[in-house]
Amino acid sequence: MNNCFILLAAGKGKRFNSKEKKQFINYKNKPLFMHSIEKAKKSKLFKRIVLVTNKQIKIPNVQVIKGGKERSDSSINALKYLQNKNIKNVFIHDAARPNFSINLLNKLKKYISKNKAVVPFTNTNNSTKYAYKNKVVNLKRQKVLLTQTPQCFDYKTLYQLSINNKSSVTDESALFIINNKKVKFIKGEETNTKITKKNDLYVKKIKNFYGIGFDIHRLVKNKKLYLGGIKIPFHSGLKGHSDGDVILHCIIDALLGALRKKDIGSIYPSNKNKFKNIRSPKMLKPIIFFLEKNNYYINNLDINLICERPKVSKYRNKIINSLSALMNINKNIINLKGKTVEKLGLIGKENAIACEAIVSINKYE
Ligand code: ZN
């Protein structure tokens, strides 16, 4: 799997009238470029992911390198960086196209095994003319290919073409065309549009929904304690049909609330044996999948964990990291508060742990 994903995010975005550079602007609750990084990671196709940008940032498992003056300079910087790193194929992508699918990456990978350059394209619905010298000619629109990224190349071939190139190109496939080398064109995606102007970000309607969740479980001896998907050393664990993870149950109910889809018990009835001893991350997973599939984006998650012990401050970061991974959301939109109950009642005597959560989600239409 010697594939590398190169994300170009060093552009100036001249057509994008904003103080913040386009590739870092918030889009569907994430910086625009992160959509591409996350998809590349999720596809599991890449040995390396290289982000070319002039902003100083750190992202786990992503190599950040400096961009050049033009797009082609940035691309060359990345290709040079990859020298002697045993790379077979490079996938080059523009950060301004956050909406490609992992399926498209897989298609590119499939075709590159028999080609040196694979490029997705779409057709246009507009009647097309071409102005050439003093003349304008009609073009057959089925013959006009609007090329997209990600584009996939044999690393060595692209490297040679790039360093020998003297003319200005707007994408790597142009290098192959200038040099009369074959490009395999494959069907791209209508939804894989480029965000160029500020308006492109706001074409969609955003609706906001809130959900609330509450849960409580008894603490019992000889059971492991799970909170937020991780095991926490403690004298007892939470009793329940599942692993009793109050935080995850609470989040599931909050999400179902925001989606107006009843409650956790209606999806995982406790009288069904197949859910006995189920781990709670497994219960959360289909709900996160549903959100992603239906264009819902979590905006904010606030949690109160109500217990005398364990001390939340000791495990806060670990729990937040775990939630961030399980829910595929940024850590900075999760807040976890610890609340004791002055040693009162069941919770105060360490016989139970309760939790409440509020979640806010956006729906893009
Ligand atoms: Zn529960």
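Two strands are treated as paired if DSSP finds at least two bridges between them, and helices (H or I, at least four residues) and strands (E, at least two) are DSSP runs numbered from the N terminus. The model is predicted, so that local features need pLDDT of at least 70 and side-chain atom pairs count only at pLDDT 80 or more, whereas totals for chains, interfaces and linings use all residues. Residues are numbered from 1 along each chain as its sequence is written, and side-chain values use heavy atoms, with hydrogens and water left out.

**View A. Parallel pairing of strands 17 and 18.** Six bridges join strand 17 (residues 296-306) to strand 18 (residues 334-339). Leu336 in strand 18 is the bridge partner of Ile303. With helix 9 (residues 312-327), the two strands form a right-handed β-α-β unit (clockwise path from the first strand over the helix to the second, with the strands pointing away from the viewer).

**View B. Protein donors of the zinc ion.** Asp215 (OD), His217 (NE2) and His249 (ND1) lie 2.0 to 2.1 Å from the zinc ion (donors are N, O and S atoms within 2.8 Å of the metal, or 3.2 Å for Na, K and Ca; water is not among the atoms, so sites may look incomplete). Their spacing along the chain is D-x1-H-x31-H. His217 belongs to strand 13 (residues 206-220) and His249 to helix 6 (residues 246-259), so this pair ties together parts 32 residues apart in sequence. Both His217 and His249 are buried (under 20% relative accessible area; exposed is over 50%, partly exposed in between; 1.4 Å probe, protein chains only).

**View C. Cysteines Cys355 and Cys250.** The structure holds zero disulfides (pairs of cysteine sulfur atoms within 2.5 Å). The sulfur of Cys355 has its closest cysteine sulfur in Cys250, at 3.8 Å, which is too far for a bond. Cys355 is buried, at 0% relative accessibility.
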